[in-house]
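Load the model in your viewer and keep the selection tool at hand. The stops below go from sheet to core to pocket.

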Amino acid sequence: MIDFHTHIFPDKIAGKTLEFLSGRCKTVPFTDGTAEGLRASGQKASIDISVALPVVTKPSQFESINRFAARFLEGGVISFGGLHPDSADYREELKTLKNMGFQGIKLHPAYQETMFHDIRYKRIVSYASELGLIITVHGGYDPGYPDCVYCTPQMAAEVIDEVQPEKLVIAHMGGFKCWDDVERCIVGKKVYLDTAVVFGAIDDGQFVRICRNHGTDRILFATDSPWSGQSESIEYMNRLPLTQEEKSRIFDENARKLLTL
């Protein structure tokens with residue numbers, strides 16, 4: 001079982017970081033935000049691998065954030081790398097991440113305050129795809145930025161159509177709280193969707209419909225831990241009216257095809 005969307009922070013700042021984000025997003029974390037906390041949560045939930053997704057909120061953080069992330073390239077927690085769209089040399093940074101051993105990158109248009117259909121993101125997605133990297137991007141509404149949606153399904157569709165990336169993952173089922181537009185603009189395109197923090201927020205019937213119309217071979221189980229519980233998310237998913245074969249694809253098989261394990 002693989003959780004394709006989680007977050008960890010260095011031990012020294014995890015507490016303050018969670019306190020800040022909890023206040024900003026008006027939510028309560030399910031772990032302490034550390035790698036050990038995530039491992040313990042994963043073990044309790046019988047999750048084999050949790051994929052950690054770092055967010056670079058300014059270009060100057062590239063080295064420090066990825067140095068920490070590079071400690072987690074194998075085992076129960078595997079981290080992707082991160083970079084900012086304002087990078088002075090995005091190609092060089094992407095090559096650096098590839099050479100460091102990262103299998104993918106995380107982009108967060110809201111916390112990077114850049115619209116996803118911006119040319120800078122298109123260039124990053126294009127070159128990352130050339131390098132064979134997985135690209136995970138936050139999709140839809142973010143409670144930390146309630147006044148603007150920086151990655152709408154329409155923006156994501158534009159990037160998909162223009163760039164045609166092989167391994168693009170749009171988090172939160174294509175766009176948190178934008179699921180009607182996901183059905184209109186994203187479903188059926190060559191892109192992966194993850195289930196991070198959607199259970200209980202999206203109507204169960206719409207969730208199942210999106211999974212089946214998009215194809216359960218392109219849905220990835222994800223929690224957004226620490227912002228939702230891993231055990232709780234598994235239990236919710238298991239209650240949904242999907243077949244065991246469909247659940248096996250979502251829980252594990254699709255992620256294993258993407259990752260080099």
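In which sense do strand 2 and strand 3 pair, and over how many bridges? Select residues 49–52, which form strand 2: the pairing with strand 3 is parallel and runs over three bridges. This is a predicted model. Within the pair, S50 is placed opposite V77 of strand 3.

Next, show side chains and select I105, L107, F116, I186 and F207. These residues have the most contacts inside the largest nonpolar core, which has 53 residues. Helix 6 (residues 153–163) gives this core its largest share, six residues.

Centre on L107. Beyond its neighbours within four places in sequence, L107 is in contact with L83, Q112, F116, Y121, I124, V125, I135, T136, V137 and H138.

The last stop is the largest pocket, which holds about 1,100 Å³ of space. Select F9, L21, V55, Y111 and W227: of the 38 lining residues, these lie nearest the pocket's centre. Then colour helix 1 (11–25) and helix 3 (62–69), each of which supplies at least two residues of the lining. Helix 1 contributes the largest share of that lining, six residues.

Conventions:
Residues numbered from 1 in each chain as written. Predicted model: local features only at pLDDT ≥ 70, side-chain atom pairs only at ≥ 80, totals over all residues. Heavy atoms only, no water. Core = buried A, V, L, I, M, F, W, Y, C linked by side-chain atoms within 4.5 Å. Buried < 20%, exposed > 50% of the residue type's maximum accessible area, 1.4 Å probe, protein only. Helix = DSSP H or I, 4+ residues; strand = E, 2+ residues; numbered from the N terminus. Contact = heavy atoms within 4.5 Å. Pairing = 2+ DSSP bridges. 1 Å grid on protein atoms, 1.4 Å probe; cavity = no way out; pocket = protein on both sides within 12 Å on 5 of 7 lines; lining within 4 Å. Points joined across faces, edges and corners; volume = space filled by probe spheres on them.
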